[in-house]
Amino acid sequence: MKNNFIKLAGVLLIIGAVASGVLAWLNDATKERIAMNEAMASMDPAILEAVMPGSVMFNEHEDTDLIEKIKSENEKFINLFTAVDASGNELGKVVRTWSTVKGFNGDMELYVGFTPDGQISGATVISHQETEGLGSRVTLPDFTNQFIGRDGTAVIGESDYDAIAGATMSSKSFLSGINNAIAVYAEYVK
Amino acid sequence: MELVSLFITSFLVNNIIFMQFLGVCPFLGVSKKIDTAAGMGIAVIFVIALASVITYIIHHAVLVNLELEYLQTIVFILIIAALVQFVEMFLKKSAPGLYQALGIFLPLITTNCAVLGVAINNIIFEYSFVESLVYSIATSAGFMLAIVLFAGVRDKVDYADLPESLKGSAISLVTAGLMSIAFLGFAGLQL
Amino acid sequence: MNRFEIFKNGITKENPILVQQVGMCATLTITTSLLNGIGMGIAVIAVLTGSNIVISALRKFIPDEVRIPAFIIVIAAFTTMIDLLMHAYTFELYKALGVFIPLIVVNCIILARAEAFASKNSIVDSIIDGLGMGVGYLVAMILLSGIREILGNGTILGFRILPEAYEPMMMAVQPPGAFILLGLLIGVVNYLSRRKKA
């Protein structure tokens, strides 16, 4: 009886071990592709296109020490990415940052893209708490497109852009986010 | 409040049978009489609640820590199979009355995809422990509601004068479809 | 039974969905478009054939008392393999099928074939049985998902085949449509098989 029990448990153990071994190997072999798929899926194509036209993906910047350094010196900075097209060529850098001036209801979160020659390629709001229909208009291309092509190394003054009528605070908050991205880009990336 | 809304959503709005189709096999198989349907329903609530708690703990305490998430399917199905065996043995010894009532349904529950489905959904939806407990109880109660209601309707359908080809599972499925339309009405609930 | 009959058996006389009516959950849920139906059908063929091969090969090694847990481990392993492969190589489909990929493990047809066929027959016969049952499943999936996509969307595999003026029957791709259309499909199959006998 006891021998039989050991045999039964042994058989199950062997099958289980072999199965786990095969799965461990396959998991290892597919891990990279799955991570890539997930990363691509988490990026909304509309956002990619608005920030860096032609890009299919934002890869985290390779130099993690640099990212840590910026984080420690600039508290609103979130992350730095390299935007790539479908064949993996670099199109430019993307800064993810909070705004430094509060909007109507707090900070907003932005992606700001920079072309290799230092121009702003696009900017978009990822999250905000502005009033729907009013302050939320800072997310629309009508407003954000005015920053495309601006010099990415010089801070944009308050008289240099068109704020949204009736949503000045939200507009200022957006501008502060752009300017923080410009500050990061000019100091650490350029 | 959020837990109440989670309960109602999982119980009615996203009813596991009529909206998500998990556990349709036993739903069609064990719904010929109202009392057997109720027995199956109770057994399912019991096993799903227990299985959710155990798989939740194992997933977060063991699989995540050891980075073995890819073994989720194997581990969960073995836990469920073992759990059902254990519950069966336990009931047989300590509660023969209950065992008499539920015993025959227990082996069927291992291959009830509702059990594994709820356990996996708890992880996919990133529920907290309390949320997953509420979700699993509400969902399995929804199963019981569906199967008991369905058994009641089926009782009547059996006496209907139907074309030969539609008798049996064909008309059962159409009936389930009509009940599902009724459940679509809950989608309008403002929670 | 010769090998051709084993194969044909799974598609017609013992079709898993249309005749045996097992493994209905995924059948009802993911058949909202033909592509999903085909994807799920192929995933089931792979798991069914794979587990049939291994279980048949191990049939003398696995003691009778623990055969069910042993079968479950083998099936779960194949299911996880398909899960990982689809996650890596057919990402869109993987997202569309969602929780129903891991749920292949509790699709009763697979355990039923392991128990009723693979554990008693040679490897070659088991492969043929797995393929036959799997293709039978695929055929039923194609029928149901094709009907639902045409009625609910006016398209086949995304290509428009009904004119723009066609008002899509939303109910067909919603849950009630799944139950009703599958019920009617089974009714039609019953009718045809009864006529053939008569």
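The model is predicted. Chain C touches both chain A and chain B. Its contact with chain B involves 35 residues from each chain. For the contact with chain A, the counts are 17 residues of chain C and 16 residues of chain A.

**Chain C against chain A**
- Chain C places 17 residues in contact with 16 residues of chain A.
- Helix α4 of chain C, residues 67–89, gives the most to the chain C side, with 11 residues.
- That side of chain C holds 14 nonpolar residues, 2 polar residues and 1 charged residue.

**Chain B against chain C**
- Here 35 residues of chain B meet 35 residues of chain C.
- Four elements of chain B give two or more residues each to its side: α2 (24–29), α4 (72–94), α7 (113–124) and α9 (169–184).
- Helix α9(B) has the largest share of the chain B side, at 10 residues.
- By residue class, the chain B side divides into 24 nonpolar, 10 polar and 1 charged.

**E49(A)**
- E49(A) sits in helix α2 of chain A, which spans residues 45–51.
- E49(A) is partly exposed, because 14 other C-beta atoms lie within 10 Å. A residue counts as buried at 20 or more such atoms and as exposed at 12 or fewer.
- In sequence, E49(A) and T100(A) are 51 residues apart. In space, E49(A) and T100(A) are 25 Å apart, C-alpha to C-alpha.

Definitions and conventions: Residues numbered from 1 in each chain as written. Chains lettered and ligands numbered in written order. Predicted model: local features only at pLDDT ≥ 70, side-chain atom pairs only at ≥ 80, totals over all residues. Contact = placed C-beta atoms within 7 Å. Nonpolar A, V, L, I, M, F, W, Y, C, P; charged D, E, K, R; others polar.
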